[in-house]
Amino acid sequence: MSITLTFGSLFGQNGQAKLVERYEFDMKEQGENISNFAVYTLKDKGLINVYSHKGSNKNTVWVFKMMDQNLKVKKEESIEISRKLYFQSKYTTKTHLHVLFRTRKKDYMVVSLNLATMKLTEVEGEFPAKVYFSKMKVIGDYAVLDTKSKREAFLSLINWKTGRTKIIPVNINGAKAKRIGFENFQVLDGEKELFAFISTRIDK
């Protein structure tokens, strides 16, 4: 099985679509199963191709390829992730691609790729015990996660540059933590403000 990437214009001569370049990607590169395949466009009309495959000792290798508008690979970086960590979420800003991994217990790692230089950085830390989350957004230097436990609901902030963390409790009068739901996050233009849409049920 293969994935085909194409670059082209919607309207070419005589109003017809025009294919500029074509690149076929083998889903079983070097005999390894490929997963987490994604493509992100860049300001210079190039793109970042991201995917993962099995590495040594059951670890996972994440590969990041910068390609120009002719679909030629300009730079390539990779990082090997411990088999104890599994992919949780990813988010892109104007300058970076952020990927969050966590263990079955409470350890996490945030890997950040600079889209201009292809430099990879990572920070590691621990969540409080027995918490879970589903959404991640990035605003400024912080990855923001909706986080819940049996007794608390809060926002976890991870500084993806330093690894420092902050916690913002979410309390609604008359509502138990288990009934508080994070419906959506929205980052405003300029990436300086974030709205968290929260729902709950209050017992009378």
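Aspartate 141 is partly exposed, with a relative accessibility of 32%. In this predicted model, aspartate 141 forms a salt bridge with lysine 161. The protein chain has 204 residues, and its secondary structure comes to 16 strands and zero helices.

**Salt bridge: aspartate 141 and lysine 161**

- The closest N and O atoms of aspartate 141 and lysine 161 are 3.2 Å apart.
- This pair links distant parts of the chain, 20 residues apart.
- Aspartate 141 sits in the loop between strand E11 (136–139) and strand E12 (142–148).
- Lysine 161 sits in the loop between strand E13 (153–159) and strand E14 (165–169).
- Lysine 161 is exposed, because its relative accessible area of 51% is over the 50% cut-off.

**Salt bridge: glutamate 126 and lysine 106**

- The count of salt bridges comes to two.
- Glutamate 126 pairs with lysine 106, and their closest N and O atoms are 3.9 Å apart.
- Glutamate 126 lies in strand E10 (residues 120–126), while lysine 106 lies in the loop between strand E8 (96–102) and strand E9 (107–114), so the pair ties together parts that are 20 residues apart in sequence.
- Glutamate 126 is exposed, at a relative accessible area of 51%.
- Lysine 106 is partly exposed, at 32% relative accessibility.
- Why can such pairs form? Side chains of opposite charge can pair when their charged atoms come close.

**Largest pocket**

- The largest pocket has a volume of about 240 Å³.
- Its lining includes Tyr40, Thr41, Leu42, Lys43 and Asp44.
- Met66, Thr92, Thr93, Lys94, Leu115 and Ala116 also line the largest pocket.
- By class, this lining has five nonpolar, three polar and three charged residues.

**Burial and contacts**

- Of the chain's 204 residues, 39% count as buried.
- Take the contacts in the chain with a separation of 6 or more: residues 24 or more positions apart account for 35% of them.

**Confidence**

- The mean pLDDT of the protein chain is 79.
- A pLDDT of 70 or more is reached by 76% of the residues.
- Where is confidence lowest, and where is it highest? Strand E1 (residues 2–9) is lowest, at a mean of 52, and strand E6 (residues 73–81) is highest, at 95.
- Over residues 8–12 the pLDDT is below 50.
- Beyond near neighbours in sequence, the stretch of residues 8–12 has 10 contacts in the model.

Technical notes: Residues are numbered from 1 along each chain as its sequence is written. This is a predicted model: local features need pLDDT of at least 70, side-chain atom pairs count only at pLDDT 80 or more; totals for chains, interfaces and linings use all residues. Side-chain values use heavy atoms; hydrogens and water are left out. A salt bridge is a side-chain nitrogen of Lys or Arg within 4 Å of a carboxyl oxygen of Asp or Glu. Helices (H or I, at least four residues) and strands (E, at least two) are DSSP runs, numbered from the N terminus. Buried means under 20% relative accessible area, exposed over 50%, partly exposed in between (1.4 Å probe, protein chains only). On a 1 Å grid over the protein atoms alone, a cavity is a set of points where a 1.4 Å probe fits but cannot get out, and a pocket is an open set with protein on both sides within 12 Å along at least five of seven lines; lining residues have an atom within 4 Å of a point. Grid points are joined across faces, edges and corners, and a volume is the space filled by probe spheres set on the points. Ala, Val, Leu, Ile, Met, Phe, Trp, Tyr, Cys and Pro count as nonpolar, Asp, Glu, Lys and Arg as charged, and the others, Gly among them, as polar. pLDDT is the predictor's confidence in each residue, from 0 to 100. Contact means heavy atoms within 4.5 Å.
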